Amino acid sequence: VGLAKGGRGVGYGDGSDGGVVVSRIKSGMGYKNHAAVSFDINTAQEGLVQAEYADSDKGWDVYGAFNFLDGYYNGEPPDLDRQRQFGGLGKIGLNFSEDTRMEILAIGERNRPDTIRNGNVEPLTNHTYYGAARIDHRVDEETSMDAGWQYVDTNTYRLYERVSLNGAGQ
């Protein structure tokens, strides 16, 4: 994660002239058939599973990661009964030449906290889906061009009713 302050953020698009936070997502470059899985269970009655996969060759690379959290809190803290969270991402890189690369990224997250309000359990469902594609071409040692596309979808649902972020039903 990095920070591009002030005018350095302008290269990231409209509305970024005050600066932006820049995050880099791991790629599969340099990995050969890498896989990892971890499990965690703790005394807070939470279970967590995380996994990742990465692979690459001369003209391509791929990276994928997944996580799942399930916690049973039974009202400890007082406003939370249960929490379930699923998340994952996939990233594919294609090297058309030494000077031209394309990356495609997909990220998804679904969060399901069951909150306790006035003694009632109220399930919420939040999801965020993000997709992006970018192509970059190096013209010479000092000049490169890139173009990209992105998609973002974020919603919150309560008791089968869609709720906007400001709380008004839709």
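Arg-84 is buried, at 12% relative accessibility (buried means under 20% relative accessible area, exposed over 50%, partly exposed in between, with a 1.4 Å probe and protein chains only). This is a predicted model, in which local features need pLDDT of at least 70, side-chain atom pairs count only at pLDDT 80 or more, and totals for chains, interfaces and linings use all residues. Residues are numbered from 1 along each chain as its sequence is written, and side-chain values use heavy atoms, without hydrogens and water.

Arg-84 lies in strand S6 (residues 80–95). Beyond its neighbours within four places in sequence, Arg-84 contacts Leu-69, Asp-70, Arg-110, Asn-111, Arg-112 and Asp-114 (contact: heavy atoms within 4.5 Å).

There are six salt bridges (a side-chain nitrogen of Lys or Arg within 4 Å of a carboxyl oxygen of Asp or Glu). Among them are these:

| Pair | N to O distance |
|---|---|
| Asp-61 and Arg-101 | 2.9 Å |
| Asp-146 and Arg-134 | 2.9 Å |
| Arg-134 and Asp-136 | 3.8 Å |

Asp-146 and Arg-134 form a salt bridge. That pair links strand S9 to strand S8 (residues 120–140), with Asp-146 and Arg-134 12 residues apart. Asp-146 is partly exposed at 48% relative accessibility. Arg-134 is partly exposed too, at 41%.

Asp-61 and Arg-101 also form a salt bridge. Asp-61 sits in strand S5 (residues 60–72) and Arg-101 in strand S7 (residues 100–117), 40 residues apart. Both residues, Asp-61 and Arg-101, are buried.

Tyr-151 belongs to strand S9 (residues 143–158). Its relative accessible area is 42%, so Tyr-151 counts as partly exposed.

How values were computed
Helices (H or I, at least four residues) and strands (E, at least two) are DSSP runs, numbered from the N terminus.
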